[in-house]
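Me: Please go through the terms applied to this structure and set each against its definition.

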Protein chains: 2
Amino acid sequence: MRYSLLAGGKRVRPVLALATARALGADPERFLPAACAIELIHTYSLIHDDLPAMDDDDLRRGKPTAHVQFGEDVAILAGDGLFAEAIRLFCEQPGEPPRVLAALRELSTATGLGGMVGGQYVDVAGGAADPEALRELHSLKTGRLIAASLGVVLILEAAGEPETMAFRRFADELGILFQIVDDILDVTGSDEQLGKPRGSDERHGKLTYVSLFGLERARELAAESHARATAALSDAGGETGDLRGIADYIFTRNE
Amino acid sequence: MRYSLLAGGKRVRPVLALATARALGADPERFLPAACAIELIHTYSLIHDDLPAMDDDDLRRGKPTAHVQFGEDVAILAGDGLFAEAIRLFCEQPGEPPRVLAALRELSTATGLGGMVGGQYVDVAGGAADPEALRELHSLKTGRLIAASLGVVLILEAAGEPETMAFRRFADELGILFQIVDDILDVTGSDEQLGKPRGSDERHGKLTYVSLFGLERARELAAESHARATAALSDAGGETGDLRGIADYIFTRNE
């Protein structure tokens, strides 16, 4: 658990949660349990995703994956353990208990069949056959947990409806942007930058934004998505500088 | 998820939760979300336990295990999905929100490193080398979730300290009883009764109550454990007839 959690990574999801707190004028530090819980869940999903029966990846963040380092049995349990610890941690999140429960409900929905696990299932069951299905697959597999990173803070802070809607539009768009850039980097990045072998999507025969639309059009789609995300932020109002910075980073990142 | 969840099973844990509600004079039906969440977690743990990288079992409850039926990737995800749905369900448990959170905290602790997953890790990392270590392994691997089946209801109902202590003594003893009987049945049961091949412990080279103490002494230990469990129930007071019935069933079961 410690090995995979502390192997690095961009910490996009917890930072999104903290930046959302700041945007709402709240003290980000108060949201550390929820933010960390989300990172634990993300890490658990990577460990299980990398397993031989799933994507069978040997490298993650430039280090041997958990099952290569510790064996498959320990890797499965490390993922299970991280998930359980995430829930335990979330139960300690300060806030009005009904809101903590509602936020945890959103997080578990984003993790389960209606989110990450559901998307992974679609992926292993054959993947997406057309652009519309690809968008839905990504929305489930990565989008919902990214959206929940903002969503849990919006719920905990009982943000008003107009801001909530604008922030949620931003979150949904950010999930799409993240995926388009991921697909581009899998083709253009170096092994060191990615911390894993390039071209993994193609080897797994996956439909991606690049395989569907070509590299040039995928880059245009990323720019359009980035523009929609920042427009949503303007509608949300508040101290959104950090969130804007994250969107810019996701758009321009090379790792 | 549906296949493994509806394959049968004794439903010991949810029935324990409902019987605890009755013992406290509460309406059992109100605790169905929590009780079902516990069964979902138990089922997820069986699916992951049966995987080739873990116990590599082909049969469970008389049917092919999830990975035999659907493939390893789908089985891993089915376990993950059941866990997430369990949490979502628990968030909908009626009750005072601070108590629901405290109960969910106990359940996630019983599931994670400080319970089931921790015990499974000790098991795959070499198992128990002596009776004391065996008791601790079982306490983690099966005892904590059985204890939490009562524990979450005690927390939700804000049971007083004397009853809580007596019920918790009962729960701890029940976990031990359950395991001793399990070890005995693995030697004496038929494949049909067990729903899986007999002698699985011996084939996996596991230390058990039978391998440690012999069959006759294991049976005596079970009787002593049953007596301690029913004594704890008498101390607890309330409508404990159903809980007593479960202890008797666990003691005398042959499947």
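Reply: The axes of helix H9 (residues 161-188) of chain B and H14(B) come within 9 Å and cross at roughly 20 degrees. Axes are lines fitted to C-alpha atoms, for helices over the stretch in contact, and angles run from 0 to 180 degrees between N-to-C directions. This is a predicted model, in which local features need pLDDT of at least 70, side-chain atom pairs count only at pLDDT 80 or more, and totals for chains, interfaces and linings use all residues. Residues are numbered from 1 along each chain as its sequence is written, while chains are lettered from A and ligands numbered from 1 in the order in which they are written.

Me: What makes H9(B) roughly parallel to H14(B)?

Reply: The crossing angle is roughly 20 degrees, and angles under 35 degrees count as roughly parallel, over 145 as roughly antiparallel, 65 to 115 as roughly perpendicular and the rest as oblique. H9(B) is therefore roughly parallel to H14(B). The crossing is also left-handed, a term used if the near helix is turned anticlockwise from the far one by less than a right angle, with right-handed for clockwise.

Me: Which residues make the contact of H9(B) with H14(B), and how do they divide by class?

Reply: H9(B) contributes Phe170(B), Leu174(B), Leu177(B), Phe178(B) and Val181(B), and H14(B) contributes Leu243(B), Ala247(B), Ile250(B) and Phe251(B). Two residues are in contact if their C-beta atoms, placed from the backbone, lie within 7 Å. The division is nine nonpolar, no polar and no charged, where Ala, Val, Leu, Ile, Met, Phe, Trp, Tyr, Cys and Pro count as nonpolar, Asp, Glu, Lys and Arg as charged, and the others, Gly among them, as polar.

Me: Why are H2(B) and H14(B) called roughly antiparallel?

Reply: The axes of helix H2 (residues 12-23) of chain B and helix H14 (residues 241-252) of chain B cross at roughly 150 degrees and come within 8 Å. That angle belongs to the antiparallel class, so the two helices are roughly antiparallel to each other. Their contact has seven nonpolar, one polar and two charged residues.

Me: Why is H7(B) roughly antiparallel to H8(B)?

Reply: Helix H7 (residues 116-124) of chain B and helix H8 (residues 131-156) of chain B pack at about 150 degrees, with axes 7 Å apart. That angle makes H7(B) roughly antiparallel to H8(B). H7(B) passes H8(B) in a left-handed crossing, and their contact has five nonpolar, three polar and three charged residues.

Me: How do you know that chains A and B are related by a two-fold axis?

Reply: A rotation of 180 degrees with 0.0 Å of shift along its axis superposes chain A on chain B, with an RMSD of 0.0 Å. That is the relation of a two-fold axis. In chain A, Pro97(A) has the C-alpha nearest the axis, 2.7 Å from it. Copies are superposed by least squares on the C-alpha atoms of residues with pLDDT of at least 70 in both.

Me: How do you know that the copies meet through the same surface?

Reply: Of the interface residues of chain A, 100% are also interface residues in chain B, so the copies use the same surface. The contact takes 32 residues from chain A and 32 residues from chain B. The largest share of the side of chain A that touches chain B, twelve residues, comes from H5(A). That side has 19 nonpolar, seven polar and six charged residues.

Conventions:
Helix = DSSP H or I, 4+ residues; strand = E, 2+ residues; numbered from the N terminus.
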